[in-house]
Amino acid sequence: MQPILKVQALSKTFHVRSGLFSREKFEVLKNISFCVGKGETLAIIGETGSGKSTLAKLLAGADNADSGQILLENNIIEDQGVRDDQCRHIRMIFQDSAASLNPGLTIGEILNDCLLYNTDLDKESRLKKIENTLSKVGLLVDHQHYYPHMFSVGQLQRVALSRALILDPKVVVLDEALSALDPSVRAQTVNLLLKLQKETGLTYILITHHLSLVRHISDQLVVLDHGEIVEYGITENIFQAPKSKVTQRLFSC
Ligand SMILES: Nc1ncnc2c1ncn2[C@@H]1O[C@H](COP(=O)(O)OP(=O)(O)OP(=O)(O)O)[C@@H](O)[C@H]1O
Ligand SMILES: [Mg+2]
């Protein structure tokens with residue numbers, strides 16, 4: 001399958017204060033490379049602090065790598081700031097993405113702002129797009145008039161999904177986006193994600209501690225340890241015969 005997203009030798013170092021006048025280098029991601037096909041799901045697992053969210057932020061354009069490249073459909077994604085147009089193709093949803101919704105705006109206004117800043121659509125087309133996107137994620141057209149506090153936790157994750165999808169991205173990065181949901185709401189959200197993937201060929205990067213979810217929905221798996229990939233391949237093969245000690249440890253927990 002033609003890869004939609006290629007990550008090549010990505011590295012990231014943080015400079016952390018270690019004393020009053022000194023700073024220490026902390027290599028959080030080291031030489032990360034993988035690729036994902038269109039319509040596929042790649043899961044990333046690893047112990048806490050292994051660098052998963054940092055990698056997610058680099059993919060979604062919220063931070064820059066020190067070296068390496070991210071290619072979307074063979075086009076290099078430039079550094080933050082000059083890549084706004086490309087950024088709309090890789091969108092991120094995180095665990096508390098609902099908390100980042102402006103409480104003073106209705107969902108309709110939030111989605112409208114997204115379209116206003118990123119597209120040339122006129123008012124009528126924006127409204128149509130908002131209504132289509134809300135129904136795509138299983139919300140009602142009338143929900144556009146609701147403020148964030150008027151939604152349940154599960155509905156809020158759908159709102160976050162609608163904000164990610166409104167710009168028709170090619171890749172959605174889910175960083176623990178399903179973790180806070182109770183099992184039945186999580187199952188509904190997973191079914192919704194799978195339905196959308198089937199219908200539109202969306203590609204997912206799934207970061208989660210839920211191994212059963214990883215096995216259920218991902219095609220490929222990356223295992224991170226201290227910022228390095230220690231295992232990468234077809235999910236089912238890794239579940240049946242994990243090679244690295246770290247993967248074996250994660251599976252046994
Ligand atoms: N802005 C930053 N400055 C300095 N260090 C950072 C920064 N952001 C993250 N780190 C460090 O980088 C490491 C990786 O963090 P990251 O959030 O990517 O881990 P994670 O794998 O997502 O962990 P978790 O499973 O707990 O979410 C951690 O040690 C963290 O303290
Ligand atoms: Mg994280």
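Reader: Let's start with N74. Where is its place in the structure?

Author: N74 sits in the loop between β4 and β5. Please keep in mind throughout that this is a predicted model.

Reader: What makes the phi of N74 worth a remark?

Author: The phi of N74 is near 70°, which is a positive value in a residue other than glycine. D168 is another case, with a phi near 50° that is again positive in a residue other than glycine. D168 lies in the loop between α5 and β7.

Reader: And is D168 buried, exposed or partly exposed? How do you know?

Author: Buried needs 20 or more neighbours and exposed 12 or fewer, with partly exposed in between. D168 has 13 C-beta neighbours inside 10 Å, so it counts as partly exposed.

Reader: What about K123 and V190, then? Which class does K123 fall into, and which does V190?

Author: K123, in helix α4, has 10 C-beta neighbours inside 10 Å and therefore counts as exposed. V190 belongs to helix α6; with 17 other C-beta atoms within 10 Å, V190 is partly exposed.

Reader: What is V190 in contact with, beyond its neighbours in sequence?

Author: Contact calls for C-beta atoms within 7 Å. Leaving aside neighbours within four places in sequence, V190 meets that with L178, L213 and I217. As for C-alpha distances, V190 and E176 are 12 Å apart in space and 14 residues apart in sequence. For K123 and N112, 11 residues apart along the chain, the C-alpha separation is 8.8 Å.

Reader: Let's turn to α5. Why do you say that α5 is largely enclosed?

Author: Of the 13 residues of α5, 11 are buried, so the helix is largely enclosed by the rest of the structure. Among the buried ones are Q155, R158, A160 and L165. The elements they pack against are β6 (90–94), α3 (107–118), α4 (123–136), β7 (171–175) and α6 (183–200).

Reader: How does the span of α5 compare with what is expected?

Author: From its first C-alpha to its last, α5 reaches 18 Å, close to the 18 Å expected at 1.5 Å a residue.

Reader: Now the strands. How do you know that β1 and β2 pair?

Author: Pairing takes at least two bridges between the strands. β1 and β2 (residues 23–37) have 11, in the antiparallel sense, and T13 has E27 in β2 as its bridge partner. The two strands form a hairpin with five residues between them.

Reader: How many bridges join β1 to β4?

Author: Five, and β1 and β4 (residues 67–72) run antiparallel. Here S11 stands opposite S67 in β4.

Reader: What makes β2 and β5 edge strands?

Author: The open sheet of four strands has the order β2-β1-β4-β5, with antiparallel pairing. β2 and β5 (75–76) each pair on one side only, and that makes them the edge strands.

Reader: Last one: which residues are around ligand 1?

Author: They are F14, V16, V28, G46, T48, G49, S50, G51, K52, S53 and T54. The elements that give two or more residues to this shell are β1 (3–17) and α1 (52–60), and the largest share, three residues, comes from α1.

Reader: How does that shell split by class?

Author: Three residues are nonpolar, seven are polar and one is charged.

Conventions: Residues are numbered from 1 along each chain as its sequence is written. Chains are lettered from A and ligands numbered from 1 in the order in which they are written. This is a predicted model: local features need pLDDT of at least 70, side-chain atom pairs count only at pLDDT 80 or more; totals for chains, interfaces and linings use all residues. A residue is near a molecule or strand if its C-beta atom, placed from the backbone, lies within 6 Å of it. Ala, Val, Leu, Ile, Met, Phe, Trp, Tyr, Cys and Pro count as nonpolar, Asp, Glu, Lys and Arg as charged, and the others, Gly among them, as polar. The expected span of a helix is 1.5 Å times one less than its number of residues. Two residues are in contact if their C-beta atoms, placed from the backbone, lie within 7 Å.
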